[in-house]
Amino acid sequence: MNNKGYWCLQLHAHLPYVRHPEYHDFLEEDWLYEAISETYLPLLSVFEKFVRDGVDFRLTMTITPTLCNMLVDSLLQERYYNRLNRHIELAVKELDRTKDRKEFQDVAKMYYERFLDCKRLWKKYNGNILLGYKKLQDLGKIEIITCCATHGFLPLMNNQKAQKAQIRVACQDYQRHFDKKPNGIWLSECAYCPGIDKILAEEDLRFFFTESHAVLYGRPRPKYGIFAPIYSQNGVAAFSRDMETAHQVWSAQTGYPGDPVYREFYRDLGYDLDYDYVKPYLHSDGIRRNMGMKYHRITGGVSLGDKQPYVPQWASDKAQEHAGNFLFNRTKQVEHLFEVLGRQPLVVSMYDAELFGHWWFEGPEFINYLFRKMHYDQNIVKPITPMEYLNKFPVNQVVDIAASSWGDKGYYEVWLNGSNDYIYRHLHKAQDRMIELASKFPNANGVLERALKQSARELLLAQSSDWAFIMTTGTMIEYAIKRTKDHLISFTNLYTQINSNSLDEVYLQSLEHKNNIFPNIDYKAYL
C-alpha cells in the first residue's frame, strides 16, 4: 500500500456582514471587495484550472452565511464591479507610467492581467461567484460547510435556544444557496463548550472542526491524538487542527509568508504616488487608503521606505519551492504516524481563507503548486474531505470534548475581557426577549411576521463575534461598538413596538432595506 495517510485542507472564508446602502461608499465594505479580488476569485480560478487540467484535488471550505449573503447581494455586487473596473482603468494607467521602469513594469502587467481574470470570472457567473463554488462542490472536488448564522460566539450565549437559532438559521440559509443540507459546520472562532454537539446532532450536522487541545484535553484521552477524528457523546465527529502545519503556513515570522521575496502587504500604491494621481480611485472622502496594488517585496530587516521592488517570477518560484517543502514534510509526517499509530492518519490543516491572496499574496499560487505536486509527484499523502474520511473510517473513538477556541490562549478571553464584557448583559437580555416574542407569537403573519423576522435579524447581527474581536484588537473600535449598539437599539425598538401593538411600518421598512440578511429567515427558530 503506497497511500500511508491523508491530508485535509480546511479554509474558513468569513467576513462580518457589512452593507451600507445609506452611503455612496463605505470604508468597511472594502473588506469584501478586497477579499473578492485577492482571495475568492483567485482561488476559484486555481480550482477551475485543476478541473480543466484533470488534477484531482480535495479541500473543505467554510463560506459563512454572512459572506454568502453579501456575495449574492445585488447592491454589493454592483459596487464591487464598479470598483473592479476602476482598478482595471488604474492598471492601464500604471502600464503607461511604468513603461520606462523595468523593475515595476512586470508588476504592473501582473496586476492588469489579474484584474482582467477577475472580471472574466465575475462575468462568467453574472456576479454570483457562489455558483462557481457550488459547481465545484457538485463535482465532488470541494466540500462547502456552514458556520453559525452571523459568526456568533456560542459559548458566551447563556441560553441554548439562542445557540440553536444561530445553527438552525445557518443551515436553512445554506440550503438556499447550495440546494442541499450542509454536512459540516465551522463553529465560530472554533469555540466549543459542552452541549453544543447536541444541537449539531439535532440539526443533522455530521462533523465540525476544533482546536487541537479541545480533543487532546478530552476524556478519555484520544488514542490517536489529533490524527483521527473522534465522536462526541451525541455522535458528531470532531476534526482537530494540526499545529505543525498551522505554524508552517500561518506564521509571518517562522512560516512561508514572511519570506523576503514575497510581496510586502503594508506598502501600497495608494500612499506611494502623487495624491492627484490616485484621488480618482479613492473614496468620496478623498482620504488615502490601500488600493491593493503593491510594488515592493518584504525584503527583510528594512523600513517600508527601503523595500526593494517586487519580482513576480521570484515570488512564483519561491511559492513552488515552499509547496514542495510542505509536501515533503507532510510525507515524512504521515509515514512516521502510519508506523506509530498503525492506521492511516489524517492531518488537518485549518486556515482563514483570506490568508491566501489577501494577506499572503502568493497563497493561491502555493495551493496551485501544492495540489499539482500531490497529483503528479507522489501517492503517499492523499487529500480528502471530512465526509470522505468518515465514509472510509466510520468507527472512531468517543470522547468528551473540552471547552476551547482557536483564539489567543485557547479559550474565550479574546471575546470576553475588559474591553468588551459590557456588551453581553445586553445581548443576553435581547436573546431572552427574542425567545419571548417567538413564544408569544408562534403563528404571526403580515406586518407582525415581518417585524418578528427583522427582530431576529437585528439580534443575530448584534451577536457577531467580529465586533467583540475588533474591540479586543483595537482596530476599527468605534465601528464595532456602533454596530453592536445600533442592532441592539433596533431590536429593542421593534420589541417595544410589537409588545405595545404600535408597529411603525416605515421604520420597519427602513431596517428591512438596510439590514436585509437572510431574506427567508424563520423567526420560529427561537421557539
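Modeller: Before we start, helices here are DSSP runs of H or I with at least four residues and strands are runs of E with at least two, numbered from the N terminus. Also keep in mind that this is a predicted model.

Biologist: Fine. Where is Pro220 found?

Modeller: With that naming, Pro220 falls in the loop between α8 (212–216) and β6 (230–231).

Biologist: And what kind of peptide bond joins Arg219 and Pro220?

Modeller: The general idea first: most peptide bonds are trans, and most residues other than glycine have a negative phi. In this case, Arg219 and Pro220 are joined by a cis bond, with omega at about -5°.

Biologist: Is His151 buried or exposed?

Modeller: His151 is buried, at a relative accessible area of 3%. Asp204 isn't a glycine either, yet its phi is positive, about 65°. Asp204 sits in the loop between α7 (196–202) and β5 (207–210).

Biologist: Now the rings. How is a pair of aromatic rings described?

Modeller: By two things, the distance of the centres and the angle of the planes.

Biologist: How many aromatic pairs does the count come to?

Modeller: The count comes to 42 aromatic pairs. Take Tyr111 and Phe361, a tilted pair with 6.2 Å centre to centre and 55° between the planes.

Biologist: Which parts does that pair tie together?

Modeller: Tyr111 is in helix α4 (residues 102–124), while Phe361 is in the loop between β8 (346–352) and α13 (363–377), so the pair ties together parts 250 residues apart in sequence. Tyr111 is buried, with a relative accessible area of 1%, and Phe361 is buried too, at 7%.

Biologist: What sort of aromatic pair do Trp186 and Trp406 form?

Modeller: An edge-to-face one: Trp186 and Trp406 are 4.9 Å centre to centre, with 70° between the planes. This pair also links distant parts of the chain, 220 residues apart: Trp186 belongs to strand β4 (residues 184–186), and Trp406 to the loop between α14 (386–392) and α15 (423–440). Both Trp186 and Trp406 are buried.

Biologist: Let's finish with charges over rings. Which ring does the charged end of Arg330 sit over?

Modeller: The ring of Phe326, and the charged end of Arg330 is 4.6 Å from its centre. Look at Arg343 as well, which lies over the face of Phe393, 5.1 Å from the ring centre.

Technical notes
Residues are numbered from 1 along each chain as its sequence is written. This is a predicted model: local features need pLDDT of at least 70, side-chain atom pairs count only at pLDDT 80 or more; totals for chains, interfaces and linings use all residues. Side-chain values use heavy atoms; hydrogens and water are left out. Rings of Phe, Tyr and Trp (its six-membered ring) pair if their centres lie within 6.5 Å; planes under 30 degrees apart count as stacked, over 60 as edge-to-face and the rest as tilted. Buried means under 20% relative accessible area, exposed over 50%, partly exposed in between (1.4 Å probe, protein chains only). A charge sits over a ring if NZ of Lys or CZ of Arg is within 6 Å of the ring centre and within 35 degrees of the ring normal.
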